[in-house]
Amino acid sequence: MADDSKVSNVGGRYARALFDLASDEGQVSAVEADLKSLKAALRDSHDLRVLVGSPAFSAEDKGKGLVAIAVKAKFNMTTIKFLGLLASNGRASSLASIITSYEALSAKARGAISAEVTTAVALSAAQAKGVAAALRQALGKDPEIETRVDPSILGGIKVQVGSRLFDASLKSKLDSLKFALKRA
């Protein structure tokens with residue numbers, strides 16, 4: 001198990017620094033809300049993903065773009081300054097990793113655990129409650145669930161909690177069967 005004080009990836013280090021700053025300022029939940037909005041924007045906007053990830057844009061351009069988005073969305077000043085610093089340090093491409101790491105730190109501070117649930121079709125409210133109850137029982141903590149729909153898994157469910165992946169998808173079972181048949 002990794003020691004939290006020795007985070008080895010860039011996203012984790014920046015997330016830890018932002019989390020510590022937000023904690024000192026009493027802005028942990030406000031910054032987390034901003035980052036969740038930014039995560040959704042990254043997921044939904046191809047142009048934003050290109051801006052953040054493309055080496056064709058300078059660090060200055062990335063910073064201007066991210067700060068303009070943050071100001072328009074009325075983000076917390078801590079988040080706005082952080083995005084500018086991130087871009088000026090040439091680390092804008094690590095934004096998705098930073099957001100994920102920050103959410104994990106915030107959840108840990110609240111005594112909760114983050115889980116990403118992927119299904120082939122959207123879960124109903126009853127199914128989501130059932131998944132949450134099963135995760136609560138298995139993990140011993142209240143899970144904060146983020147759902148994702150991925151039709152390529154064909155059916156079943158995939159649950160990622162930290163670095164652990166529980167894969168009960170139809171696609172993985174078919175892949176296992178295919179591999180077993182090739183070996184026979």
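Two residues count as being in contact here when they have heavy atoms within 4.5 Å of each other. With that in hand, take D34 in this predicted model: once you set aside its neighbours within four places in sequence, D34 is in contact with F75, N76 and T79. D34 itself sits in helix α2, which covers residues 28-44.

Now hop over to helix α4, residues 59-72. Its 14 residues reach 20 Å from first C-alpha to last, close to the 20 Å expected at 1.5 Å a residue. Which of its residues are tucked away? K62, G63, L66 and A70 are buried. Look down the axis of α4 and those buried residues fall within an arc of 100 degrees, so they line one face of the helix. The buried residues of α4 pack against α3 (46-53), α5 (77-88) and α6 (95-110). On the other side of α4, E60, K64 and K72 are exposed. Just after the helix, K74 takes a positive phi of about 60 degrees.

Leaving out neighbours within four places in sequence, G53 is in contact with K62 and S93. Because its relative accessibility is 45%, G53 counts as partly exposed. As for V28, 25 residues away along the chain, its C-alpha is separated from that of G53 by 26 Å.

Key: Residues are numbered from 1 along each chain as its sequence is written. This is a predicted model: local features need pLDDT of at least 70, side-chain atom pairs count only at pLDDT 80 or more; totals for chains, interfaces and linings use all residues. Side-chain values use heavy atoms; hydrogens and water are left out. Helices (H or I, at least four residues) and strands (E, at least two) are DSSP runs, numbered from the N terminus. The expected span of a helix is 1.5 Å times one less than its number of residues. Buried means under 20% relative accessible area, exposed over 50%, partly exposed in between (1.4 Å probe, protein chains only). The arc is that of the directions from the helix axis to the C-beta atoms.
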